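Q: Hey, could you walk me through this one? I'd like to look at it together and ask things as we go.

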Amino acid sequence: MFMDSDDIADSGLVEYLYGLVETNSKYIGICDFAHFIDGDSPKFTKSTEVNQFYPEAAITELLYQHSF
């Protein structure tokens, strides 16, 4: 897992992503981020949308920051 020093994550994030990876027989799980104002409580929500990419498409999505 990679996070910047100023990031925070929901306590169940790793378990949730790992479950998606296992369920879908994939090698990597990635989630999007949400901005919040310092001092406010962040709101974590689990999306019901799951996207699967072939390796080439995943690289394109990553480099052009389309989905994640």
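Q: Let's start with G19: how accessible is it?
A: G19 has a relative accessibility of 29%, so it counts as partly exposed. The scale is this: buried means under 20% relative accessible area, exposed means over 50%, and partly exposed is in between, with a 1.4 Å probe and protein chains only.

Q: And what sort of model am I looking at?
A: A predicted one, where local features need pLDDT of at least 70 and side-chain atom pairs count only at pLDDT 80 or more, while totals for chains, interfaces and linings use all residues. Residues are numbered from 1 along each chain as its sequence is written, and side-chain values use heavy atoms, with hydrogens and water left out.

Q: Thanks. Where does G19 sit?
A: G19 is in helix α1. Helices here are DSSP runs of H or I with at least four residues, strands are E runs of at least two, and both are numbered from the N terminus.

Q: How many helices and strands does the chain have?
A: Two helices and zero strands. α1 covers residues 13-23, and α2 covers residues 55-63.

Q: Which residues of α1 are buried?
A: L13, L17 and V21. Looking down the axis of α1, these buried residues fall within an arc of 65°, so they line one face of the helix. The arc is taken from the directions that run from the helix axis to the C-beta atoms.

Q: Why would residues at that kind of spacing point the same way?
A: An α-helix has 3.6 residues a turn, so residues three or four places apart point the same way.

Q: What's on the other side of α1?
A: E15, Y18 and T23 are there, and they are exposed.

Q: What comes after α1?
A: S25 follows α1, in the loop between α1 and α2. Its phi is near 50°, which is a positive value in a residue other than glycine. S25 is exposed as well, with a relative accessible area of 62%.

Q: Who else is in that loop?
A: N51 is one of the residues there. It counts as partly exposed at 48% relative accessibility. From N51 to G29, 22 residues apart along the chain, the C-alpha separation is 10.0 Å.

Q: What about F53, where is that?
A: F53 also lies in the loop between α1 and α2, and is partly exposed at 33% relative accessible area. The C-alpha atoms of F53 and G29 are 11 Å apart, with 24 residues along the chain between the two positions.

Q: What does F53 touch?
A: Leaving out residues up to four places away in sequence, F53 touches A58, E61, S67 and F68. A contact means heavy atoms within 4.5 Å.

Q: New topic: what share of the chain is buried?
A: Buried residues make up 7% of the 68 residues. The chain exposes about 6,500 Å², and carbon and sulfur atoms supply 54% of that; accessible areas come from the Shrake-Rupley method with a 1.4 Å probe, and for residues only the protein chains shown count as cover.

Q: What are its dimensions?
A: The C-alpha trace spans about 40 × 25 × 20 Å along its principal axes.
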